[in-house]
Amino acid sequence: MTISIAIDAMGGDHGVSVTIPASLKALKEFSDISIILVGNQEMIEQELAKHIYDVERIKVHHAEQVVEMCELPSQALRKKRQSSMRLALNLVKEGEAIACVSAGNTGALMAVSKFVLKTIPGIDRPAICTSMPTMKGHVHLLDLGANVGANGESLAQFAVMGSVLVQAVDNNPNPSVALLNIGEEEMKGHQRIKDANEILKRSSINYVGYAEGNDIFKGEVDVISCDGFDGNIALKSSEGVAKMISHYLKLAFKKNIFTMAVAILAYPVLKAFKAKVDPSRYNGASLLGLRKIVIKSHGSADAFSYFYAIAEARLEASKNVPELIAQGVQDILEKQKIEQKADTVAE
């Protein structure tokens, strides 16, 4: 089966100069995908003319409008019905594409995606999820900014969605799941975290309790659920730390001729280190909870980084992630109903 992916070619800080080279790289790397480039047809064709590609596996869908990076989600929803973002999502809704990838305005993408594609029954709020490097591999963290002030039930739903995602994309049958908190003791944290803790203790997923900020990178858990405010700070902080380490390593190795010589000897180690912690390789956040697949790329992504967002869309499509999440959430809801009936009988 060919996996058709709709690309918001105009989204992000760089538009077609990034989205098209990344799309063409994806076509070379994956023989089972096709691409629909959505955006200004003239600009797309001008960029395509610079490359050699398989014309049978790529289409252009014209869009008159573009959602600006600074645009309010409400304006994008009401006034940009012919935008590249909206039309790319429409293609997914209509079944012409299986997934959508956009580097556009995060708030607008979430609002328009929720309006066009709707949420899975039982899910109150979609969540943004991505993987981050750890000492033992990687961890999936959600939510990363779509929901600020999420209640306990939503935090529990995030945990379930993250667990199902990891089962699918990492082939991990029993991923461990934690709630991000300011301590491991049950009396600590906001009430919403305590509420989610109680819900998850009764769930069928492999819930292991609370995780602190320094636990994110230890690799002891596979999924961490949190409020979007906390998750976004954790993500941006980790990216900043990675850049700071890289900055100081470069300064240290350029200090004199002897450190430069050491740098040459250490090059293979440094290259492996960069490959492990480079944020570009972890680009591609999933908007979980929607009925279809939507992947958010960093707005500032280059072609190398944007390629990984397309790769994530392909992987989730091949694993039928939305269907698996829907089933996982339904199982949790059914179990809750059974427990509620049992409690009523006991009373």
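Helix axes are lines fitted to C-alpha atoms over the stretch in contact, and angles run from 0 to 180 degrees between N-to-C directions. Helices (H or I, at least four residues) and strands (E, at least two) are DSSP runs, numbered from the N terminus. This is a predicted model, in which local features need pLDDT of at least 70 and side-chain atom pairs count only at pLDDT 80 or more, while totals for chains, interfaces and linings use all residues. Residues are numbered from 1 along each chain as its sequence is written, and side-chain values use heavy atoms, with hydrogens and water left out.

Helix α4 (residues 84-93) packs against helix α5 (residues 106-117) at an angle of about 35 degrees, and their axes are 10 Å apart. Contact here means heavy atoms within 4.5 Å. Among the residues that make this contact are Met85, Leu89 and Val92 of α4 and Leu109, Val112 and Phe115 of α5.

Strand β7 (residues 176-180) runs parallel to strand β8 (residues 206-211), and five bridges join them; two strands pair if DSSP finds at least two bridges between them. Within this pairing, Ala178 stands opposite Gly209 of β8.

Most residues other than glycine have a negative phi, and most peptide bonds are trans. A cis peptide bond, with omega of about 10 degrees, links Leu142 to Asp143. Asp143 belongs to the loop between β6 (137-142) and α6 (152-169).

| Residue and phi | Loop | Relative accessible area |
|---|---|---|
| Asn171, about 55 degrees | between α6 and β7 | Asn171: exposed, 56% |
| Asn320, about 55 degrees | between α10 (303-319) and α11 (321-346) | Asn320: partly exposed, 42% |

How values were computed: Buried means under 20% relative accessible area, exposed over 50%, partly exposed in between (1.4 Å probe, protein chains only).
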